[in-house]
Amino acid sequence: MMHEASLPLDRPAPPPAAQAGAIAVRSLPPQAQAHARWDAFVHACPDATFFHRAGWQTVMEQGFGHDSHFLYAEQDGRIAAVLPLAHLRSRLFGSALVSLPFCVYGGIAGASAPARQALDAAAQALARRLGVGHLEYRWREARQGAPDDAQAGWLHHPRYATFRRALHADAEQNLLAIPRKQRAVVRKGMANGLHSAIDYDLQRFYPLYAASVHRLGTPVFARRHFALLRSVFGDACDILTVYAGQEAQASVLSFYFRDEVLPYYGAGSVLARGSGANDFMYWETMRRAGARGCRLFDFGRSKLGTGAYDFKKNWGFAPQPLPYASRLVRAKALPDVNPLNPKYALFIRAWRRLPLPLANLLGPHIVRQLG
């Protein structure tokens, strides 16, 4: 009988058993089963958002060509926290590791403090290895575990606020919750005979959206970006269009997450302001979402001091400052990628003067660098 001590020395030792409670940081693989497991955690995690969903890995890589690093902390065979990251590389604005570009929320989601700390350490190590200018977490709420203000190296930039409010099951209560002046505009749209429908393609939405952002002097996303969103998120993404007769005057692409609705990309024609189509569009989104069972309306973020910020306040939404946090890695200062920055005023004026077809052709190549 051979004793254990006499086993051949070149025989590989069995792998050590995982220590109970140990935390391992792993990368999300592309398989559907792994995405479903990630999404099951996100759906159940109170501080996770729609922008923590695994589908954004596909959007970042296939839609924008940015490398993604979707990290999760695993403990005792279960996901304990997640951190979706993408490497934003721009010739104009440098590079950054962001959670998450083109999304209003991000950062680490998970209840376990050790798991969050493990992901933060892994993200900082990754940022150093990639040599990015800075690492950015787009927290929705400070209680989600945002880096302590006193921690050396973290910078906070209170540039944005988000607007979120509960929805009632009864449509009339939601209408009465809109302040009187803004409610009058919604009723004006009703009186003008405006009506809405859910669209199943981009035929009406994209021309309205492209023309709208062009008037603002902003580069447009490619049509395929919106097609990819529809494909990746399925029933959690729809398009509502407002019509005056047969003419489309406003359209919005919305996301759905748990019991929330997030109207995310909205646009109106030059006629929309006079007819009330823009306000009617958001009312119809609210009304339909309430009928669908949604109990929270997320109006999204807006920059402080902008017309969009004032518009959402006029709807009776209280602004909630977004505690985004960044840590410099190789950069000496954070880039100020902001349309309100005076250095971009000339570019904005010039972009508005471009013929719309040319702006639609060039825009997607620029916007992918903005994040």
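Predicted model: local features only at pLDDT ≥ 70, side-chain atom pairs only at ≥ 80, totals over all residues.

Trainee: What makes β8 and β13 edge strands?

Mentor: Start with the sheet. It is open, with 7 strands in the order β8-β9-β10-β11-β12-β7-β13. β8 (195–199) and β13 (319–321) each have a single partner strand, so one side of each lacks a neighbour in the sheet. On average, neighbouring strands are turned by 30 degrees against each other, direction ignored.

Trainee: How do you know that β10 and β11 pair?

Mentor: Pairing takes at least two bridges. Strand β10 (residues 247–257) and strand β11 (residues 260–268) have 8 bridges, in the antiparallel sense. They therefore count as paired. Ser254, for instance, stands opposite Pro263 in β11. The hairpin has 2 residues between the strands, and Arg258 takes a positive phi near 50 degrees there.

Trainee: What about β11 and β12, and why is the sheet's pairing called mixed?

Mentor: β11 and β12 have 2 bridges, in the parallel sense. The cut-off is at least two, so this pair counts too. Glu260 stands opposite Leu296 in β12. The sheet holds an antiparallel pair, β10 with β11, and a parallel pair, β11 with β12. Its pairing is mixed.

Trainee: Why is β11 called largely enclosed?

Mentor: Buried means under 20% relative accessible area. In β11, 8 of the 9 residues are buried, so the rest of the structure largely encloses this strand.

Trainee: Which strands does helix α6 touch?

Mentor: Helix α6 (residues 205–216) packs on the sheet and touches β9 (237–244), β10 and β11. Its direction makes about 70 degrees with that of β11.

Trainee: Which residues have the most contacts inside the largest nonpolar core?

Mentor: Phe51, Trp56, Phe226, Leu229 and Phe255, in a core of 54 residues. The largest share, 6 residues, comes from α6. Phe226 touches residues including Leu202, Tyr209, Leu253 and Tyr265. A second, separate core has 27 residues, among them Phe163 and Met286.

Notes: Residues numbered from 1 in each chain as written. Heavy atoms only, no water. Helix = DSSP H or I, 4+ residues; strand = E, 2+ residues; numbered from the N terminus. Axes fitted to C-alpha atoms, helices over the stretch in contact; angles between N-to-C directions. Contact = heavy atoms within 4.5 Å. Core = buried A, V, L, I, M, F, W, Y, C linked by side-chain atoms within 4.5 Å. Buried < 20%, exposed > 50% of the residue type's maximum accessible area, 1.4 Å probe, protein only. Lists of a residue's contacts leave out its neighbours within four places in sequence.
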